[in-house]
Amino acid sequence: MPDAHLPQSRVTLAMILSAAGAALGGLLFGFDTAVISGTTAALQEQFVLSDAALGFTVASALIGTVIGSLVAGAPADRFGRKPMLLAIAVAYLVSSLGSGLAPAWAALVAFRFLGGLAIGAASVVTPVYIAEVSPTEYRGRLVALNQLNIVLGIVLAFVSNYVIASLVPPEAAWRWMFGIVAVPSALFLIVTALLPDSPRWLVLRGRDTLARGILARLGFADPDAEVAHMRQAASRVPDATAGRLFQPAYSVPVACAIAIAMFNQLSGINALLYYAPRIFALGGAGADSAMLQSIAVGGTNLVFTILALFLIDRFGRRPLMAFGSVATALALLLVGLQLESAAPNGTLVLVGLLGFIAAFAVSQGAVIWVFLSEVFPSAVRGKGQALGSTTHWVMAAAITWAFPVFAARLGGWVFGFFGAMMLLQLLWVWKFMPETNGVALEDMDFGH
């Protein structure tokens with residue numbers, strides 16, 4: 001239920017614009033994550049890469065995300081959410097231009113690593129920023145705008161790759177696929193400069209007057225009551241910005257953050273997004289057909305993420321996760337059985353993968369960043385978000401790096417493994433996952 005101490009605020013245009021502006025970081029997150037799926041064949045030929053070297057090339061950005069997510073929390077708490085978003089935008093811009101112009105494999109890996117740093121930092125800072133400028137009643141759907149932009153970026157990457165592959169010679173197409181990311185990167189840099197800072201961060205830094213002014217401009221019903229509630233929460237510890245994350249009081253949110261982040265990647269979602277054309281080719285699709293089916297994956301992801309925006313605050317986080325666990329397991333089993341059959345049916349492979357994407361988008365995809373941004377109390381929110389994001393990206397890097405090798409050796413059985421992990425996730429949701437829907441950020445205290 002909504003917090004009884006605060007008047008309910010209506011969502012305003014200023015809140016939506018602030019959330020959507022920050023969520024452009026999510027669009028770049030998705031665009032930069034998925035764009036490499038259209039370049040893998042060209043990169044393998046251009047730089048004469050083994051399957052293991054290709055896996056490392058794809059995972060180089062993910063290695064960067066691990067470091068970016070690990071280190072982003074502290075400067076975001078010290079310098080503010082907005083300065084970190086500006087730094088992230090600059091890193092995206094440099095990475096995209098450098099990757100497109102890379103003269104050698106080592107340079108490409110270095111610039112992809114820089115892009116990974118930006119993605120990892122964005123996965124920490126963007127959801128926290130949006131949660132901190134959102135009223136309790138609408139926090140889920142506003143934070144989920146970040147996930148919507150992530151999948152929109154993925155769709156744009158797939159469409160962009162297809163168009164560029166159709167218009168540009170193969171030996172140069174991969175450079176344009178990377179370089180085009182500079183356009184939304186520049187837009188994100190401009191928009192971020194116009195965003196207000198987080199009022200909750202300002203209160204933690206003792207700047208209550210400025211926080212009230214921002215809350216008033218955003219359209220909160222009672223900025224004075226909001227700041228008083230934030231101040232009360234900040235006073236529960238001697239220094240709210242220096243709370244230790246790893247202590248018994250926070251054991252429940254810490255365990256939940258690690259679990260939801262691990263299961264998110266054990267679904268196999270990034271393996272599908274990064275290697276979609278290859279997976280469809282295993283099902284019998286030709287090169288052009290595989291690229292178009294990849295666009296269908298991105299479109300399905302987008303449609304069902306939009307649906308999740310209307311469900312996440314209405315039904316809560318746990319019901320969506322429970323549904324997604326069952327539905328993704330069934331879809332992954334179908335894909336695995338088809339790929340293991342003597343004559344795989346390409347249509348059924350497509351149906352299974354689209355079913356998986358739909359179920360994932362309406363559950364884990366929408367819930368993870370919302371849940372991570374709200375399950376921790378204010379004193380350790382930045383550190384908690386960093387822990388969940390780092391766990392997510394460690395798993396993503398490991399699975400993405402290993403997928404080409406294991407897929408070549410295990411075939412469809414690798415999807416059977418992902419399906420089994422989703423059934424294990426169902427058990428975790430049923431037994432351990434708390435519901436955060438309708439709880440004010442200042443009142444998150446699942447450790448007691």
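## Core and ring exercises

Let's start with Ile260: leaving out residues up to four places away in sequence, Ile260 touches Met321, Val367, Ile368, Phe371, Leu372, Trp428 and Met433, where contact means heavy atoms within 4.5 Å. A quick heads-up: this is a predicted model, where local features need pLDDT of at least 70, side-chain atom pairs count only at pLDDT 80 or more, and totals for chains, interfaces and linings use all residues. Residues are numbered from 1 along each chain as its sequence is written, and side-chain values use heavy atoms, with hydrogens and water left out.

**Exercise 1.** Find which residues touch the most other members of the largest nonpolar core.

*Solution.* Start with the term: a nonpolar core is a set of buried Ala, Val, Leu, Ile, Met, Phe, Trp, Tyr and Cys residues joined through side-chain atoms within 4.5 Å. Buried means under 20% relative accessible area, with a 1.4 Å probe and protein chains only. Among the 130 residues here, Ile88, Tyr92, Ile260, Phe415 and Trp428 touch the most other members. Helix α17 (residues 346–374) gives this core its largest share, 13 residues; helices are DSSP runs of H or I, at least four residues, numbered from the N terminus.

**Exercise 2.** Classify the ring pair Phe356 and Phe360.

*Solution.* First, the rule: rings of Phe, Tyr and Trp (its six-membered ring) pair if their centres lie within 6.5 Å; planes under 30 degrees apart count as stacked, over 60 as edge-to-face and the rest as tilted. Next, the numbers: Phe356 and Phe360 are 6.0 Å apart centre to centre, with 40° between the planes, so the pair is tilted. Finally, the setting: both lie in helix α17, four residues apart, about one turn of the helix.

Terms used: Buried means under 20% relative accessible area, exposed over 50%, partly exposed in between (1.4 Å probe, protein chains only). Helices (H or I, at least four residues) and strands (E, at least two) are DSSP runs, numbered from the N terminus.
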